[in-house]
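Colleague: I have a few questions about how the terms are applied here. Could you take me through them?

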Amino acid sequence: MKLDPKIPEGPIEKKWSSHRFNMKLVNPANRRKYSVIVIGTGLAGASAAASLAELGYKVISISYHESPRRAHSIAAQGGINAPKNYANDGDSVYRLFYDTLKGGDYRAREANVYRLAEVSGNIIDQCVAQGVPFGRDYAGYLDMRSFGGAQVSRTFYARGQTGQQLLLGAYSTLSRHIGAGTVKFFDRREMLELVVADGIARGVICRNLRTGAIESYVADAVVLATGGYGNTFYLSTMAKASNATAIWRAYKKGAFFANPCFTQIHPTCIPVSGDYQSKLTLMSESLRNDGRIWVPKKPGDLRIPSQIPEEERDYYLERLYPSFGNLVPRDVASRRAKEICDKGLGVGKTSMAVYLDFADAIKRNGKNWIEEKYGNLFDMYHEITAEDPYANPMRIYPAVHYTMGGLWVDYNLMSTIPGLFVIGEANFSDHGANRLGASALMQGLADGYFILPYTLSDYFGRTKFSSLATNHPEFVKANKRISEETEKLLAIKGKQPVNEIHKKLGKVMWDFAGMGRNEKGLKKALKLIPEIKKEFWSDAKVTGDSDNLNIELEKAGRIADFIELAELLAFDALHRKESCGGHFREEYQTPEGEALRDDKKFAYAAAWEYIGDGKNPKLNKEQLTFEYVKPAVRSYK
Amino acid sequence: MNFTLKIWRQKNQKDEGRFETYEVKNISPDASFLEMLDILNNQLVLENCDPVAFDHDCREGICGSCGMMINGRAHGKGRKQATCDVRMRSFTDGETITVEPWRANPFPVIKDLIVDRSAFDRIMQAGGFISVRTGSAPDANSIPVCKDNAEEAMDAAACIGCGACVAACPNSSAMLFVAAKVSQLALLPQGQPERKERVQRMITQMDKEGFGNCSNNYACEAECPKGISVMHIARLNREFLTAKLT
Ligand SMILES: Cc1cc2nc3c(=O)[nH]c(=O)nc-3n(C[C@H](O)[C@H](O)[C@H](O)COP(=O)(O)OP(=O)(O)OC[C@H]3O[C@@H](n4cnc5c(N)ncnc54)[C@H](O)[C@@H]3O)c2cc1C
Ligand code: SF4
Ligand code: FES
């Protein structure tokens, strides 16, 4: 299939406005005849569902959570970008566009990134009007931070709870529509299948997680706003229930999956402390502004940190990157920490951590200063580890945090299945091979508030829909298939709790497809993953039955999909013989150990097409062209 | 560390429910309370028993999913903690720990420790919003907000909707939850046009859901993981009275 990104003609700053002008409109009186299913109520899904309802479409909103407000977006801490230039420091749409494209290591589509930068200012307006209590200065105007290496202050924040406040804003608008009956919300429903009829997406099959009932939902279009797939690695900073089932099932129905190997590892997380660990906690990146990262020069040095003299410490980031020091980008900092620990120089009980030391900053500015700036983070660290970070350095280690890859979408956010739209972290669109801090919230809300409402209307305006109900053969078939699959999971009756198998998968992914990847390791992963899959389907133990709330069954289905996605991720990583952003192939690096891109061979988005179980997926390429920002080497020396 | 757990088991809404006793051994003091339950569940699955169902997701105190009575206290005895923030080192080795779901009529038990908190959502649907259409907002800086008000609004907005306030209250009152939202929006200029209608609609819905009245017990504030102050309840009462008088 030929991939058509449908990028509008014209200069980059005019593309979106001229595209909107050329779109088909749906007459307000006719809008209630069209219906759409939105899966997910995170920033992307909640903003989309509310905005579509406002236009007058019939909206069905579905989430596996008990309430829309529980979506994973709630956990975002730092902030959201917008080029408002309120700081008068030279920010502009063009600069945000440039920073995002460069930050993504030139693996994103120019036209999409420009549009994202263009609409992002409106997001802040919208959220303020909803009552989101952003941080303000003493004059009462909005305050900004600088974030993720940007040279301007464009990050708006609500204390350390920006995601929570933005989501509650979108949730409140969604609630207004649910109350008014313009959105129907179905809680605790997990989408397990996409239904495609006459070649277009027409509905979904869900499991009612309370009762176990398999339910069919019909509409004229389906929107997936189902978040990222970081939990493929078992341990990550994602919420426990975050999973890939929706996008994976859509992939198996014909939606292409783009750049699955573009995963982001965040350098400052609280390290794993034991086998029982269920998830990882992020410590804000801002800590690297004042903390110094080091390890003892001697392997296995068990002295308490303060007793290790200066000359026996290796401040390796400062040594390797004299000009950026501890402030190198996320991918670089993460990779170097792993390297050091792999050499046996790591610290702590597990030796899988490095120190983040504030002793100098405390000496320089006093404990109070640190407390004021980072007090809540220090408390959180103390609470989790029972160690006092004012007295001893923190121990940190990188963790999986975000997935740039996702379902391939064109400029209209439509996947390769007509009528299936994908928004937020679930799509691959705007961050290339690496996402900048505070840009995910921006993208989710841009997609939901300001892009999808237009592009979906255009789709409705251009498409003829036959009337169809849940007795359509495709729905009946899909419904039956899902019921059978559920019974199959319950019939395995093996010996291992599914969680244990998920842990095994996570270990393989982390070891061979994590921060540093190489051909040998990836091939090994591609050998091990099918074995885990076999193990799962022969030895998993799923207790309980299918007609009740069954937490083991929920997990089992998700893990089965993670295993398959893991294979695609490794396969993509093996094929991409270059290093870029979050994808570091050890064979492709400069003599100084930096990522070496290969623009001649790999300046494309790899969109994988499912062609059957047990067969290698087919590669489709969307060639990326850079008319405005010329790819250059990123250097932080 | 070793623990004896007395956990409320209830197959579904119709089931009567009962306590079951379990033993867990060799728990790391660094494990979280939910991780300890994960370990128990692993054990139960291996023994072919139904694992204990509980709501959870972020496991860092922000999504509001988790929530159980631990030794009779909502989210356990620690202050400003959600259940997922509780660590096993805060218990003594060998202790017997009792774990129950939220107990409140408007929050019926769905299974084991999972309750139905959709009553909170319906209160929000009744009025917990500002009716702004997508696309019709003016420039963000055209509405300055005095910093003190913005900060206070943020204090109120920090509510995670967990329901501990209701569970802790002898009357199962939802006043703290409702007050947090009413207060946040009443403090902001954007919230003014719908101010009166909002408070009336939310209170009406709250009563309809069967939540009790506030008798100034203040258990809600003590157990609230986000430290939402009862001062907001005072504001809620004022808002409600003024709305009714005019
Ligand atoms: C700890 C942490 C901190 C972060 N901080 C920042 C930050 O400061 N700034 C920033 O820009 N980004 C940040 N991010 C990233 C950002 O939070 C996410 O990328 C973003 O919130 C994703 O939003 P979303 O709407 O796409 O998906 P989500 O919020 O993940 O929502 C997914 C929704 O889909 C539903 N769903 C999924 N699958 C199914 C299914 N099969 N059936 C039914 N429903 C389903 C879920 O119930 C949920 O409602 C952070 C991420 C983490 C983990
Ligand atoms: S007020 Fe506190 S206890 Fe009540 S729901 Fe909100 S966060 Fe939970
Ligand atoms: S699991 Fe999210 S608040 Fe506890």
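Colleague: What separates the centres of domain 1 of chain B and domain 2 of chain B, taken over C-alpha atoms?

Modeller: This is a predicted model, and in it the two centres are 29 Å apart. The domain assignment puts domain 1 of chain B at 3-110 and domain 2 of chain B at 117-245. The contact draws 21 residues from domain 1 of chain B and 21 residues from domain 2 of chain B.

Colleague: Why is B:Asp55 with B:Arg117 called a salt bridge?

Modeller: The closest N and O atoms of B:Asp55 and B:Arg117 are 3.8 Å apart. The rule asks for a side-chain nitrogen of Lys or Arg within 4 Å of a carboxyl oxygen of Asp or Glu, so the pair qualifies. Between domain 1 of chain B and domain 2 of chain B the count is two salt bridges. On the side of domain 1 of chain B that touches domain 2 of chain B, there are 10 nonpolar, six polar and five charged residues.

Colleague: How much area do domain 1 of chain B and domain 2 of chain B bury between them?

Modeller: They bury about 1,600 Å², with 55% of it on carbon and sulfur atoms. B:Lys80, B:Pro106 and B:Phe107 supply 34% of the area that domain 1 of chain B buries against domain 2 of chain B, more than any other three residues.

Colleague: What makes the shell around ligand 2 come out with two polar residues?

Modeller: Among the residues surrounding ligand 2 are B:Gly161 and B:Gly163. The shell has 10 nonpolar and no charged residues besides.

Conventions:
Residues numbered from 1 in each chain as written. Chains lettered and ligands numbered in written order. Predicted model: local features only at pLDDT ≥ 70, side-chain atom pairs only at ≥ 80, totals over all residues. Heavy atoms only, no water. Near = heavy atom within 4 Å. Nonpolar A, V, L, I, M, F, W, Y, C, P; charged D, E, K, R; others polar. Domains from an automatic or database assignment. Contact = heavy atoms within 4.5 Å. Buried area = accessible area lost by both parts, 1.4 Å probe.
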